[in-house]
Amino acid sequence: MKVAVLVSGAGTNLQALIDRVHGRGGVQIVAVASDKPAAPALARARAAGIDAKAFPQQRFSDRCARDRSIGDWLGELGVQLVVLAGYMQLLDESFLGAFPDRVINVHPALLPAFPGLDAVGQALAYGVKVFGVTVHFVDGGVDTGPVILQRAIELPDARDPDEVLARLHPIEHELLPGAVTLIARGAVSFDPTNRRRVVIAR
């Protein structure tokens with residue numbers, strides 16, 4: 001299965017994918033794209049011998065044009081799964097249409113709670129005692145797609161977002177590669193009676 005990863009920042013989730021799934025079980029990361037030319041994640045990709053390109057918004061007339069350019073590149077490479085690993089942009093409907101049920105995202109909250117930006121900050125402000133990570137399919141909404149995997153962690157005394165994120169990162173680094181592996185194995189499907197329910201064949 002040919003995989004592309006979209007990134008915006010340091011790329012720790014990308015590194016987890018490189019370390020845990022790239023070149024294993026039929027999974028090959030063939031492309032890494034970023035909206036940030038200086039994103040350290042691009043250097044991680046190139047160090048692993050993966051083709052990496054930046055698509056800064058200022059090069060395009062609008063978001064749709066940028067997403068079309070990314071989608072065209074990934075299509076030329078025969079990409080079968082797109083993984084958002086810290087990609088901080090919404091994707092255009094035409095991009096999602098080009099990869100139906102083939103775009104996934106990792107989010108630092110137990111969706112449907114606390115979607116969007118600053119999920120951990122939202123959770124802290126709400127006073128929750130349990131935090132977590134969700135890997136989900138991407139649809140046209142903001143973190144509204146069907147859930148693939150989730151894991152919770154109790155942090156009843158949490159006050160600082162950076163401390164919470166430090167506890168969540170190892171979970172992200174396990175769940176995201178795990179989801180890619182399951183999809184590559186053909187172990188992920190939708191309940192025919194309710195497409196919001198993702199079925200995992202163990």
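Which hand does the crossing have where α1 passes α2? Here are some friendly notes on that and a few other spots.

1. **Ground rules.** This is a predicted model, in which local features need pLDDT of at least 70 and side-chain atom pairs count only at pLDDT 80 or more, while totals for chains, interfaces and linings use all residues. Residues are numbered from 1 along each chain as its sequence is written, and side-chain values use heavy atoms, with hydrogens and water left out. Helices (H or I, at least four residues) and strands (E, at least two) are DSSP runs, numbered from the N terminus.

2. **The α1/α2 pair.** Two packed helices are described by the angle between their axes and the distance between the axes. Here, helix α1 (residues 12-20) and helix α2 (residues 40-47) have axes that come within 9 Å and cross at roughly 15°. That makes α1 roughly parallel to α2, a term for angles under 35 degrees. The axes are lines fitted to C-alpha atoms, for helices over the stretch in contact, with angles running from 0 to 180 degrees between N-to-C directions. As for the opening question, α1 passes α2 in a right-handed crossing, which is to say that the near helix is turned clockwise from the far one by less than a right angle.

3. **Who meets whom.** From α1, Thr12, Leu14, Gln15 and Ile18 meet Ala41, Arg44 and Ala45 of α2; contact is taken as heavy atoms within 4.5 Å. By class, this contact of α1 with α2 has four nonpolar, two polar and one charged residues. Ala, Val, Leu, Ile, Met, Phe, Trp, Tyr, Cys and Pro count as nonpolar, Asp, Glu, Lys and Arg as charged, and the others, Gly among them, as polar.

4. **What covers α1.** Asn13, Leu14, Ala16, Leu17 and Ile18 are buried in α1, where buried is under 20% relative accessible area, exposed is over 50%, and partly exposed is in between (1.4 Å probe, protein chains only). The cover over the buried residues of α1 includes β1 (2-7), β2 (28-34), α2, β4, β5 and α6 (161-184).

5. **Leucine 42.** Leucine 42 sits in helix α2 and is buried, with a relative accessible area of 1%. Apart from neighbours within four places in sequence, leucine 42 is in contact with Val32, Ser34, Lys36, Pro37, Ala52, Lys53 and Ala54.

6. **Strand β5.** In β5 (residues 103-107), five of its five residues are buried. Val103, Asn105 and His107 point one way, and Ile104 and Val106 the other way. In a regular strand the side chains alternate between the two faces of the sheet. Strand β4 (residues 81-84) pairs with β5 in the parallel sense over three bridges, and valine 82 stands opposite valine 103 in β5. Pairing requires at least two DSSP bridges between the strands.

7. **Two arginines.** Are arginine 66 and arginine 151 buried or partly exposed? Arginine 66, in helix α3 (residues 63-76), counts as buried at 2% relative accessibility. Its contacts beyond four places in sequence include Asp35, Phe55 and Tyr87. Arginine 151, in strand β7 (residues 147-154), counts as partly exposed at 32% relative accessibility. Among the residues that arginine 151 touches, not counting those up to four places away in sequence, are Phe131, Glu174 and Leu175.

8. **The β8/β9 hairpin.** Strand β8 (residues 188-191) and strand β9 (residues 194-200) pair in the antiparallel sense over four bridges. The hairpin joins β8 to β9 through two residues, and asparagine 194 in β9 is the bridge partner of aspartate 191.

Note on methods: Angles under 35 degrees count as roughly parallel, over 145 as roughly antiparallel, 65 to 115 as roughly perpendicular and the rest as oblique.
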